Amino acid sequence: MAEYSRKQEALDYHAFPQPGKLAISVTKPFTTYEELSLAYSPGVAEPVKAIAANPEDAFRYTSKGNLIAVITNGTAVLGLGNTGALASKPVMEGKAVLFKKFADVNVFDIEVDADNPDDFVDTVARIAPTFGGINLEDIAAPHCFEIETRLIEKLDIPVFHDDQHGTAIIVAAGLKNALDLQGKRLEDAVIVCMGAGAAGVASMKLLLEMGAKLDNVFMLDRKGVIHSDRDDLTPQKAEFATKTNLRTVDDAMRNADVFIGLSGPDTVTQDMIRAMPPRPVVFALSNPNPEISPELAMAVRDDLIMATGRSDYPNQINNVLGFPYIFRGALDVRARRINTQMHIAAANALQALAREPVPASVLEAHDQTSMAFGPEYIIPSPFDPRLIDFIPAAVAAAAVETGVARTGYPKHYPQPVTATTGSD
Ligand SMILES: NC(=O)C1=CN([C@@H]2O[C@H](COP(=O)(O)OP(=O)(O)OC[C@H]3O[C@@H](n4cnc5c(N)ncnc54)[C@H](OP(=O)(O)O)[C@@H]3O)[C@@H](O)[C@H]2O)C=CC1
Ligand SMILES: CC(=O)C(=O)O
Ligand SMILES: [Mg+2]
């Protein structure tokens, strides 16, 4: 894709009127000596003593219960690769803005200079008492798998690698809707996934959980199709090694009902799109630049459903639709973890919401006069105000049902949407 036309505007947005996108605000009255003595010494000693005697009181007297750490080591920043910890900070601050704006969850963004999993896990485990949950972000495969597994084992708060599960949930919701519109079923669809890293592996795993067939899934990394004769596969890639003669992306695309790109920019050509069977689905999800631009893909097919990870095209398949709301639901039932049933519940809720009439506020945000479920609207807009009703409810209900919630289903929550629609 061409260089971003609003580059200077994006830099200015981040620079002015003050650097960055976030600030911390005080939530209690704090103007008098009396208030100073309550907030600080001597008053602050009282909640300290309470928490020392009963650690659960941290949820009562501190911001822990509504505070998430967005933590990275900067090794897979969007599709830009290993930019290092410091350069990843604008993305992490961005995630914090989305958590706050969409689900009123507070965030500290933390960029950790740690290039091995031991150091990273150790750092996160040591700072974990501060938080109600840990959102791992932009950590490259294969370390991301080990890091997440070890932290889930160590900690009693939810640990969620957004690029894995957040992405997988949105991909699953969008794909089920897109396949339905194309008259195809997840159970039968041949799916080619370019990118066998954090996002690719988790997305394919969730699709398998939701009905896709392993024999129909072909994954690719930089060396081509992942097949059973390869001897260079990580354990996570090996799970997808199929017995096949397909070797290149060109080979794989000829049979693909679905292409999912979770790799890097400009890796797919118009010829590859042209070669796909009738009524294909193409999710080119690399950020900021997709595997192929919608302009190029749509120019060669008029029977295509196309999505990207970006906000400036229709059908934004992006984990922004997931992580704020998934953590909202998990925090509100004090979940110990975020399990697969919670992922599936979130995907089903999102899929269902896309089929509801679109409210006026969304039309306004997108400067449109009409939007409705169809090839250019397979997934709700990030500005849909009903996301906060649909997703946390589904996630909280699944947490309660599966026994990972420390509290009951919140009284102030709406009834969860349980029905799935479309191909399932
Ligand atoms: N839209 C969304 O919501 C999201 C989009 N993404 C996008 O997905 C991409 C991958 O992110 P993530 O999984 O976290 O990163 P990882 O580093 O964990 O994985 C990257 C994977 O992509 C593969 N890859 C990279 N370049 C190519 C290429 N030219 N051809 C084939 N395969 C390639 C790598 O291959 P190898 O294993 O051989 O190195 C690796 O398997 C990024 O572009 C990111 O922006 C990620 C999360 C959410
Ligand atoms: C959206 C996102 O998390 C990514 O591209 O890495
Ligand atoms: Mg990410």
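**Exercise 1. State how the protein is divided into domains, and describe the side of domain 2 that touches domain 3.**

Step 1. The protein is divided into domain 1 (7-161), domain 2 (165-308) and domain 3 (319-401), with bounds that come from an automatic or database domain assignment. This is a predicted model, in which local features need pLDDT of at least 70 and side-chain atom pairs count only at pLDDT 80 or more, whereas totals for chains, interfaces and linings use all residues. Residues are numbered from 1 along each chain as its sequence is written, while chains are lettered from A and ligands numbered from 1 in the order in which they are written.

Step 2. Taken over C-alpha atoms, the centres of domain 2 and domain 3 are separated by 23 Å, and 18 residues of domain 2 are in contact with 16 residues of domain 3 (contact: C-beta atoms, placed from the backbone, within 7 Å).

Step 3. On the side of domain 2 that touches domain 3, the elements giving two or more residues are helix 8 (162-181), helix 9 (198-209) and strand 10 (305-308), and the largest share, 13 residues, comes from helix 8. Helices (H or I, at least four residues) and strands (E, at least two) are DSSP runs, numbered from the N terminus.

Step 4. By class, this side of domain 2 has 11 nonpolar, five polar and two charged residues, where Ala, Val, Leu, Ile, Met, Phe, Trp, Tyr, Cys and Pro count as nonpolar, Asp, Glu, Lys and Arg as charged, and the others, Gly among them, as polar.

**Exercise 2. Describe the shell around ligand 1.**

Step 1. There are 29 residues around ligand 1, of which Gly-79, Gly-197, Asp-221, Ser-286 and Gly-309 come nearest (near: the C-beta atom, placed from the backbone, lies within 6 Å of the molecule).

Step 2. Domain 1 and domain 2 each contribute at least three residues to this shell. Helix 8, helix 9 and strand 6 (217-221) each supply at least two, and helix 9 gives the most, with three residues.

Step 3. Sorted by class, the shell around ligand 1 has 12 nonpolar, 13 polar and four charged residues.

**Exercise 3. Identify the residues that surround ligand 2, and divide them by class.**

Step 1. Ligand 2 is surrounded by Leu-78, Asp-138, Asp-162, Asp-163, Asn-287, Gly-309, Asn-318 and Asn-319.

Step 2. The residues of this shell divide into one nonpolar, four polar and three charged.

Technical notes
Contact = placed C-beta atoms within 7 Å.
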